[in-house]
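These are my notes from going through the model. I kept to contacts, packing and backbone geometry.

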Amino acid sequence: MAFSDEIITWYNQHKRDLPWRHTRNPYVIWLSEVILQQTRVEQGLPYFYRFLTHYPDVISFAGAPEEEILLHWQGLGYYSRARNMHKAAKAVVAEYDGIFPKKYEDLIRLKGVGEYTAAAVASFAANEAKAVVDGNVFRVLARYFGIDEPINSSKGKKLFLGLADDLLDKVNPGLYNQAVMEFGAIQCKPKHPDCANCVLRLDCRALAERRVNQLPVKIKGKASRNRYFNYFVVTMGDRLLMNKRGTGDIWENLYELPLIETPYLMDVRELASIQEVAECFGKGADLRLVAGPVKHVLSHQNLFAQFIAIDVQDEIIGKKMKWNYVFMKDLGTLAKPKLIYSFLEEYMVE
DNA sequence: AAGACGGGGGG
DNA sequence: CCCCCAGTCTT
């Protein structure tokens, strides 16, 4: 049997029942695909339902404020996905009269829609013959064909893209695409794939050569850098000083506590002596460590965060333009990174 | 071509 | 601790 037929037969017997597999609505499929970028199904599922409930169609999505979309996205990570989705939704309303496109060539022009997502939406919603190549597909192909070209090199990407196109079932591209990804997720897993019971075991090159656990090959990225975040807990009555993050760094447009970053971990005594603290809060301020340092790991950074309570005489306004007092009861309406809302939940509840 | 961008789960 | 996850964008 052909590769695609084996995969599809396997899929029909083993597929999970996932909500986005019951629709051909390109908007709904796009929603699911962006949520699932670099994200496990179990983690993305509640967000998929949440977004579908709040924004049942692309018109409502486009009409929502970015802050609200970010709030619903809170905790999912890679927040540029949410910001780009908003831009894409507005573009669909403006350029396609609110009719979500199904063609690869249209989809690929939308913000946040790359080759994978465009192929996924086009093939699932309109059965367009475009092969998806995600982490699952890379792994399945690398193993089945015994390819040791790194999947994240330019050469490797080209190689796997071409291979995926050759293997694509041209009659049922949507079904095949679903199938090969599901096969990678359930059968040809990264660790401990169940090769003994695999329908492709007789033709799998990696298995024949005992190289399954060495494939796919991936070039390692750069090591993470360490950063030291000193967050200040500044209250005034029933209000808390908050900061909206800008561009050019992590957590763009999300809210956090007032932050002073230092080149290394300082204790509160040393912190109290530095110029920036004096500029922001006045000289000789009384600092109390409330929590931390806690380590918070991002994809390319290790954050070491301390939370420091401080009593200020005067209202802090204008020293840092983006610092503003927010009513405690309204904190829930602000999109915050996990590090921040975890702290707030633990220490700011009455 | 290489880095940056979150957060969670598993070994 | 390291790797991986239904990737994309920027430099």
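I started with the bases: a polar side-chain atom of Arg40 lies 2.8 Å from a base nitrogen of DNA strand B. I count a polar contact as a pair of N or O atoms within 3.5 Å; within protein, one must be able to donate a hydrogen and the other to accept it, and residues adjacent in sequence count only if both atoms are side-chain atoms.

The model is predicted, so local features need pLDDT of at least 70 and side-chain atom pairs count only at pLDDT 80 or more, while totals for chains, interfaces and linings use all residues. Residues are numbered from 1 along each chain as its sequence is written, chains are lettered from A and ligands numbered from 1 in the order in which they are written, and side-chain values use heavy atoms, with hydrogens and water left out.

**DNA backbone.** I then looked at the phosphates. A polar backbone atom of Trp251 is 2.9 Å from a phosphate oxygen of DNA strand B.

**DNA surroundings.** I found 23 residues around DNA strand B, the closest being Arg40, Tyr78, Ser154, His296 and Gln301. A residue is near the strand if one of its heavy atoms lies within 4 Å of it. By class, I noted 11 polar, seven nonpolar and five charged residues on this surface. Nonpolar here covers Ala, Val, Leu, Ile, Met, Phe, Trp, Tyr, Cys and Pro; charged covers Asp, Glu, Lys and Arg; the others, Gly among them, are polar.

**H2 against H8.** Which angle do helices H2 and H8 make? I have about 145 degrees for H2 (residues 26-35) and H8 (residues 115-126), with the axes 9 Å apart. The axes are lines fitted to C-alpha atoms over the stretch in contact, and angles run from 0 to 180 degrees between N-to-C directions. Helices (H or I, at least four residues) and strands (E, at least two) are DSSP runs, numbered from the N terminus. On the H2 side I listed Pro26, Ile29, Trp30, Glu33 and Val34, which meet Tyr116, Thr117, Ala120, Val121, Phe124 and Ala125 of H8; contact means heavy atoms within 4.5 Å. The contact residues divide into nine nonpolar, one polar and one charged.

**Cis peptides.** Most peptide bonds are trans. I noted a cis bond between Leu215 and Pro216, with omega about 0 degrees. Pro216 is in the loop between H12 and S1. Another cis bond runs from Gly292 to Pro293, with omega near 0 degrees, and Pro293 lies in strand S6 (residues 287-297).

**Val217.** I looked up Val217 in the loop between helix H12 (205-208) and strand S1 (225-233). Not counting residues up to four places away in sequence, Val217 touches Asp148, Glu149, Pro150 and Ile151. Val217 counts as partly exposed because its relative accessibility is 28%; buried is under 20%, exposed over 50%, partly exposed in between (1.4 Å probe, protein chains only).

**Positive phi.** Gln38 has phi near 55 degrees, positive in a residue other than glycine. Gln38 sits in the loop between H2 and helix H3 (41-54) and is exposed, at 69% relative accessible area. Asp97 also has a positive phi, near 55 degrees. I placed Asp97 in the loop between helix H6 (80-95) and helix H7 (104-107); at 65% relative accessibility, Asp97 counts as exposed.
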